[in-house]
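Colleague: Hi! Could you walk me through this one, starting with how the helices pack?

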Amino acid sequence: MIHKYKLCGYNVVLDVNSGGVHIVDDLTYDMLTDIEPPFGDSCPQAVVEKLSHFYKYEDIISCYDEIVAAYKEGILFSEDDYEQYAEVAVASPIKAMCLNIAHDCNLRCEYCFASTGDFGVGRKLMTLETGKKAIDFLIEHSANRENLELDFFGGEPLMNIEVVKQIVEYARSKEKEHNKHFRFTITTNGMLLNDDIVDFINKEMSNVVLSIDGRKEVNDRMRKRVDGSGCYDRIIPKYRDLVEKRGDGEYYVRGTYTKYNLDFADDVFSLLDEGFDQISVEPVVTDPKEPYALTEKDLPVIFKEYERLMHKILDYEKTGRKFNFFHFMLDLDQGPCAIKRLRGCGCGNDYVAITPDGDIYPCHQFVGEEKYKMGNLDEGTFDYEMKKDFAKMHVYTKPDCRDCWAKFYCSGGCNANNYIYAGDPRKAHRMSCEIEKKRLECAIVLKAIRMGESTDPSEE
Amino acid sequence: MKHIKTINKANLKATAAVGGCGKCQASCQSACKTSCTVANQKCER
Ligand code: SF4
Ligand code: SF4
């Protein structure tokens with residue numbers, strides 16, 4: 001399978017199964033519309049005739065030879081022979097956990113999928129006891145995995161910071177004995193950050209995600225305090241302080257865009273102007289009936305906006321500076337192995353989420369969906385059948401993904417989104433797919449431009 | 001090559017046989033928590 005598209009003057013051809021990325025001339029681009037394996041010794045007469053209206057005969061012949069050579073090299077129209085690896089993830093150890101340390105929040109963000117922090121199941125803070133049980137559960141189910149990941153999530157995790165600190169201490173105390181290494185991360189809305197917490201986060205958390213939507217008016221329209229006022233002015237100085245003290249440590253300022261800010265490239269740049277250089281801004285996940293929900297009608301505008309963002313980034317880089325936009329990050333050579341790519345996010349299989357009550361869910365976005373409760377720490381229950389079922393959610397069991405060109409970049413999308421929108425974790429949510437694919441197309445061209453590639457493949 | 005220029009070096013196929021070690025980060029922990037773009041992650045082996 002191949003995918004071809006035109007963007008910024010480039011003709012790009014992706015070979016889905018080998019991961020090959022090719023820049024081609026117009027002739028190749030057009031020829032690839034009409035030919036596919038098996039290839040004969042010479043270009044089919046009908047194709048030659050059709051193309052000879054626009055291209056020279058000898059070019060058509062040499063182009064055909066190049067296509068066949070690339071095919072023989074296994075970088076064009078390569079076979080999909082990965083399915084045999086798809087089920088190796090069944091019975092894999094659990095290596096990552098999301099702790100919903102506080103089902104409570106001090107903000108009332110309109111689009112929050114956790115329904116103002118409580119996930120629709122009541123306000124509650126996790127106790128240290130439950131936290132310890134979660135750590136024990138993770139260690140016990142992690143088999144030989146050394147690197148374990150623990151994300152403190154909420155609600156707002158800083159509302160329960162003392163327990164966060166104690167859990168970190170507890171987990172660290174177990175590392176040696178079990179030969180594990182914990183990697184902690186935290187997601188916060190910033191409201192409760194103070195010097196002490198900033199120091200703690202910068203010392204213990206390998207990544208911190210700081211929620212903010214971009215421009216002040218955009219942020220404050222959605223990210224509100226209980227009294228309805230916006231949180232921007234309070235969090236900006238705190239985030240700056242945290243990032244400054246963090247040095248080279250990983251972090252993200254992370255925003256959500258909605259129908260209200262379809263010009264979200266300006267939000268990305270507003271965050272940049274405020275001094276942040278690790279930025280993620282993403283589409284809202286919500287009930288399509290909400291006035292701020294994104295719908296398929298918005299797609300053309302969203303596509304244009306990603307292109308605008310791409311150009312803004314390129315202009316910025318011309319000044320010799322750089323920043324990271326999460327969804328444009330792509331490593332064409334050192335990315336994850338094919339097996340990881342076909343398996344996807346691992347939710348419910350090597351990743352689980354725990355609520356303050358000790359309930360176990362496939363991931364943070366499934367929390368509160370009774371049907372997907374996998375067990376409970378106090379009761380010592382865990383549904384291995386459900387784990388197995390989630391392990392089998394990969395690009396080969398998702399009908400839309402099987403034949404999708406983006407499958408080894410996207411890895412089958414978000415099971416939770418699929419469930420929320422389509423009622424089935426295996427059913428791709430078309431709009432998310434379209435956005436994902438657009439981002440990938442942009443990311444690949446951005447890569448080509450940064451590598452100094454010419455739009456003309458014959459140029460060195 | 002005059003018509004086609006390949007800009008990546010690695011072939012995904014080669015990773016299938018040796019991959020799947022699971023040392024890398026779980027996708028959703030990285031930054032977003034609402035989506036999954038596995039391709040932008042790092043191999044940690
Ligand atoms: S979720 Fe959508 S974009 Fe991703 S692989 Fe499946 S069909 Fe393709
Ligand atoms: S289902 Fe979606 S939200 Fe849950 S871990 Fe996977 S990508 Fe993340």
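Predicted model: local features only at pLDDT ≥ 70, side-chain atom pairs only at ≥ 80, totals over all residues.

Modeller: Happy to! Residues are numbered from 1 along each chain as written, chains are lettered from A and ligands numbered from 1 in written order, and side-chain values use heavy atoms, without hydrogens and water.

Colleague: What are the angle and the axis distance for α6(A) and α7(A)?

Modeller: Helix α6 (residues 161-178) and helix α7 (residues 195-204) of chain A pack at about 30 degrees, with axes 12 Å apart. Axes are lines fitted to C-alpha atoms, for helices over the stretch in contact, and angles run from 0 to 180 degrees between N-to-C directions. Helices (H or I, at least four residues) and strands (E, at least two) are DSSP runs, numbered from the N terminus.

Colleague: Which residues of α6(A) and α7(A) meet?

Modeller: From α6(A) come Ile161(A), Val164(A), Lys165(A), Val168(A) and Arg172(A), and they meet Asp196(A), Ile197(A), Phe200(A) and Glu204(A) of α7(A); contact means heavy atoms within 4.5 Å. That contact of α6(A) with α7(A) divides into 5 nonpolar, no polar and 4 charged residues. Ala, Val, Leu, Ile, Met, Phe, Trp, Tyr, Cys and Pro count as nonpolar, Asp, Glu, Lys and Arg as charged, and the others, Gly among them, as polar.

Colleague: And how does α7(A) pack with α9(A)?

Modeller: α7(A) and helix α9 (residues 232-246) of chain A pack at about 40 degrees, with their axes 10 Å apart. That makes α7(A) oblique to α9(A). By class, this contact of α7(A) with α9(A) has 3 nonpolar, 1 polar and 5 charged residues.

Colleague: Back to α6(A): how does α5(A) sit against α6(A)?

Modeller: α5(A) and α6(A) are roughly parallel to each other. Their contact has 7 nonpolar, 3 polar and 3 charged residues. For the geometry, helix α5 (residues 128-141) of chain A packs with α6(A) at about 30 degrees, axes 10 Å apart.

Colleague: Switching to pockets, what volume does the second largest pocket have?

Modeller: About 480 Å³. On a 1 Å grid over the protein atoms alone, a cavity is a set of points where a 1.4 Å probe fits but cannot get out, and a pocket is an open set with protein on both sides within 12 Å along at least five of seven lines; lining residues have an atom within 4 Å of a point. Grid points are joined across faces, edges and corners, and a volume is the space filled by probe spheres set on the points.

Colleague: What lines the second largest pocket?

Modeller: There are 30 lining residues, with Gly413(A), His429(A), Ser432(A), Cys433(A) and Glu436(A) nearest the centre. The largest share, 9 residues, comes from α17(A). The lining divides into 14 nonpolar, 8 polar and 8 charged residues.

Colleague: What is phi of Asn179(A)?

Modeller: Near 55 degrees, a positive value in a residue other than glycine. Asn179(A) lies in the loop between α6 and β7 (181-188) of chain A.

Definitions and conventions: Parallel < 35°, antiparallel > 145°, perpendicular 65-115°, else oblique.
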